[in-house]
Amino acid sequence: SDKFKNIKKELEEYKDFTVKQRLLDIAETAISLSPVDTGAYVTSHSFKTNTSSRGRGKTSHGKPKGQSVEAKRSEGLDNLVSDINNLDLGDKEKITLRNDSPHAKIVEEGGPNWKKPGYKVYEQIRNIYG
């Protein structure tokens with residue numbers, strides 16, 4: 001009946017809203033935990049429903065260091081909000097937050113030439129959101 005179809009549609013819209021709200025929480029956390037120097041890392045996060053396709057992958061090579069943390073984080077969050085708004089949640093069961101910048105692994109884990117340990121951005125996100 002029409003009444004059942006309306007209820008089903010409302011439930012789907014609520015589910016989509018709930019998922020998108022959760023993704024927004026994750027996005028805000030990822031951006032707030034991300035270090036900013038050239039801005040390449042923080043602006044390379046992306047949400048993808050198909051993990052075989054690459055996301056954003058900006059390089060820091062040749063970019064000036066010491067960029068505005070606020071401006072680059074704002075740009076990174078805008079990218080993720082755009083991803084969330086463009087997601088077709090339809091029958092998708094898996095949505096992946098990824099960072100395809102060439103230096104993402106070093107930012108996450110640290111490296112032999114780095115003076116500090118990695119920022120463990122994705123590890124912290126997993127600890128918070130599971």
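Predicted model: local features only at pLDDT ≥ 70, side-chain atom pairs only at ≥ 80, totals over all residues.
## Helix H4

Helix H4 spans residues 121-129, and its residues Val121, Tyr122, Ile125 and Tyr129 are buried. When the helix is viewed down its axis, these buried residues fall within an arc of 90 degrees, so they line one face of H4. In general, an α-helix has 3.6 residues a turn, so residues three or four places apart point the same way.

The buried residues of H4 are covered by parts that include helix H1 (2-33), strand S1 (45-48), strand S2 (96-99) and helix H3 (104-109). Just after H4 comes Gly130, which takes a positive phi of about 85 degrees.

## Salt bridges

The model has seven salt bridges. In one of them, the side chains of Lys65 and Asp37 meet at 3.4 Å, N to O. Lys65 belongs to the loop between S1 and helix H2 (69-86), and Asp37 to the loop between H1 and S1, so the pair ties together parts that are 28 residues apart in sequence. Lys65 counts as exposed because its relative accessibility is 63%, which is over 50%. Asp37, at 35% relative accessibility, counts as partly exposed.

A salt bridge also links Lys72 with Glu75, their closest N and O atoms being 3.4 Å apart. Both residues lie in helix H2, three residues apart, about one turn of the helix. Glu75 counts as partly exposed, at 29% relative accessibility. Salt bridges that share partners join Lys58, Lys72 and Glu75 into one network.

Another salt bridge is formed by Arg98 and Asp100, with their closest N and O atoms 2.8 Å apart. Arg98 and Asp100 are both buried.

## The largest pocket

The largest pocket has a volume of about 320 Å³. It is lined by 15 residues, and those closest to its centre are Leu23, Ile26, Ile95, Leu97 and Gly130.

By class, the lining of the largest pocket holds nine nonpolar, two polar and four charged residues.

## The second largest pocket

The second largest pocket has a volume of about 250 Å³. Of the 16 residues that line this pocket, Asp37, Thr38, His103, Val107 and Trp114 lie nearest its centre. Asp37 is also the salt-bridge partner of Lys65. The lining of the second largest pocket divides into nine nonpolar, four polar and three charged residues.

Methods. Residues numbered from 1 in each chain as written. Heavy atoms only, no water. Buried < 20%, exposed > 50% of the residue type's maximum accessible area, 1.4 Å probe, protein only. Helix = DSSP H or I, 4+ residues; strand = E, 2+ residues; numbered from the N terminus. Arc of directions from axis to C-beta. Contact = heavy atoms within 4.5 Å. Salt bridge = Lys/Arg side-chain N within 4 Å of Asp/Glu carboxyl O. 1 Å grid on protein atoms, 1.4 Å probe; cavity = no way out; pocket = protein on both sides within 12 Å on 5 of 7 lines; lining within 4 Å. Points joined across faces, edges and corners; volume = space filled by probe spheres on them. Nonpolar A, V, L, I, M, F, W, Y, C, P; charged D, E, K, R; others polar.
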